[in-house]
Amino acid sequence: MPMLTGSLGKWIAVIRTVIGVPDYERYLRHMRARHPECAVLSQAEFARERQEARYSRPGSRCC
Amino acid sequence: MRSFRSIVIWGLIALTGAGALARVASSRGETINAAWLLTAAICTYLVGYRFYARFIATSIFALDADRATPAVRKADGHDYVPTNKWVVFGHHFAAIAGPGPLVGPTLAAQFGYLPGALWIIIGVVLGGAVQDFVILCASVRRDGRSLGQMAKDEIGPVAGITALVAVLGIMIVLISVLALVVVNALKSSPWGTVTITLTIPIAMFMGLYLRYLRPDKVLEASAIGLVMLAGALWAGQWVAENPALAPIFTLTGPTLALLIMAYGFAASVLPVWLLLAPRDYLSAFVKIGVVVALAVGILAVMPPLAMPAVTQFVDGTGPVFSGKVFPFVFITIACGAISGFHALIASGTTPKLLSREPDAKLVGYGAMLTESLVAIMALIAACVLTPGVYFAINAPVAVLGTTAESAALAVQQWGFVLQPGEMDALAKSVGETSLLSRTGGAPSLAVGMAHLFDRALGGGGMALWYHFAIMFEALFILTTLDAGTRVGRFMLQDLGGQLWPRFRDVTWQPAVWMASAMFVSCWGFFLYQGVTDPLGGINSLWPLFGIANQLLATVALCVGTTVIIRMGKARHAWVTLLPLCWLLVVVFTAGWQKLFSADPRIGFLAHATKFSALHAAGTVPPGVPSLEAMPRMVFNDRLDAAVAAFFMISVLVIVVESVRMWVRVVWGRGVAGSSEVPAQSVTLFAAD
């Protein structure tokens, strides 16, 4: 999607990181650059995996 | 030239801050404007950030832009991700800010605005922000390791296990006291109850939307959710004004307590995508929105503070909670001044996002200063109410009685003015049947905020703003509660797994259900006890929460001090030793008084003795439903005493273990090497 590479996409990624949702595009870039031989998770798989990890440990929020 | 200009500018900021602080502190008998308090706070924060945080960054940790952070070294695209410092700041702030800095200062306003304000401003610069910053730096140098892990590595295994058990205990007390705040805010309030109940299906709709309709479109789903929240606010009003429906949603405290327990259980066993995660997104947006709105409201209105600087209740006879200003103001306000819970976040996700070491100053120290500013704003919102109204909302039934006349009389006896009919008119204007004895802080904060928003926007919207404020407070709290219950369930499964390995299996439903039920009953027990307490429950539970939170801060500061000493900077260890010593004095004085004070309003054991004697004599004191209820209350007192004692013993264990380690290192007998990961230059790692 060309729109998501523009400045709107950047802002969306920023807001998502602030509320604790990691950026899929970033993950893809990382995997392509560093581990091109590995299979990547799909966007939905990535979102699920991150969510499970976030709610299984203390220290993701406060009083 | 540049340094001369810098001296002039910082000199001016320091002078302005000192002047405003002097104005705030010396005001007696006249009302002062909130602007003074804000100026004093902001200038102090700026000076603290520019000088003290920089000192810690350069002289102690020697933060180095060339030294690779875990986010760079272990970049994996999901857990460890180098991120822009302002984004990490936003993320860290959203994670540390919660209901704590709003409720604590509201309760502490019973001493007047001055004690709370001074503790928030000074405590954060020398204590809270230092703790968050030091723990963040320590964790960044250790691959983002957690507080418990660092306690084990740096101090020793005993300290590690004590920290782990203490965290579990703290979560139980934290969740129960926050749930109590929600129950007290929703009691006999059909509007609030309907609005909050509707947030559950709204979150579930968002969850399903994100799972099946538009996967991962979090912002889109959140926007829809926020619109639906506004609808829920309106639906609540509609129900409250409907004579047939209103009684169905007019619930008593015990009923609400049971419903919240059922909710916590459901949130813990349901899949996260369905309820927990979407709620969390909503809550994060509402949280940031409300903080901004509160700031805008205060700046637009610049209200005078109606509360005196210091009230007579510093002597310990306060109706909101008992105990003298020392040590109780330091226990009541934890988040906002220093909060041990933050150490879990500063050693959780945040260190794995930091792209450069020097960014830790903005994120660790800066975000905590921002939270402190939120606490100051909450204090202002509570102090714009006249003292008569503030105490009529926050004092328990046992002190005020149940009628407007008895309440007015009680308030007058304290020397404050409450016009006849004032409370009724206020309750009517916010769309509630009564605001008397709505303890817990949330309703009085909501009235204060509604007052500010209403004045800023020209009037006529008190009822809507009040319920908006209640909705966001409850939304935050329930988000802490549901996620906390789930984390507590995991911790219990982990602990139980030591005895029975299968219990640890998070995919085995019987274990999930059992551990969830166990954890919910733990906090539910304290919640129910608080709801049925004639003194309002806050009196016994909030100090326990404060002690627990400050206990965690002492653990964090012990770890911080050990880290500093073991890296060979013992001569600078006073940076963490200073707040540590102060907290130890506070926690032990408060803990001792809660245990052994002869005043039954303060000491758990004295209260138990008094109630045993009354029960034996067959007398039922005011506010207690029946003679049969009294043995249970005596048991609760003794249990609270045991919990306080447990927290104090945990602190002692960790402090003794730490001091042993410090002595070994300073006297050169033990290993001085720290568990830091060796420095590696960023140039060794390719950027994505």
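Where in chain B is B:Ser188 found? In this predicted model, B:Ser188 is found in the loop between helix 8 (157–186) and helix 9 (190–213) of chain B. Its phi is near 50°, a positive value in a residue other than glycine. Most residues other than glycine have a negative phi. B:Ser188 counts as partly exposed because 16 other C-beta atoms lie within 10 Å, a number between the cut-offs of 12 or fewer for exposed and 20 or more for buried.

A positive phi, about 55°, also occurs at B:Ser437, which is not a glycine. B:Ser437 is placed in the loop between helix 19 (422–429) and helix 20 (442–457) of chain B. With 23 other C-beta atoms within 10 Å, B:Ser437 is buried.

Helix 12 itself covers residues 276–301 of chain B, 26 residues in total.

The peptide bond between B:Phe326 and B:Pro327 is cis, with omega about 5°. Most peptide bonds are trans. B:Pro327 is located in helix 13 (residues 325–332) of chain B.

B:Arg664 lies in helix 26 (residues 629–666) of chain B. This arginine counts as partly exposed because it has 15 C-beta neighbours inside 10 Å. B:Arg664 and B:Ala463 are separated by 201 residues in sequence and, C-alpha to C-alpha, by 62 Å in space.

Note on methods:
Residues are numbered from 1 along each chain as its sequence is written. Chains are lettered from A and ligands numbered from 1 in the order in which they are written. This is a predicted model: local features need pLDDT of at least 70, side-chain atom pairs count only at pLDDT 80 or more; totals for chains, interfaces and linings use all residues. Helices (H or I, at least four residues) and strands (E, at least two) are DSSP runs, numbered from the N terminus. The expected span of a helix is 1.5 Å times one less than its number of residues.
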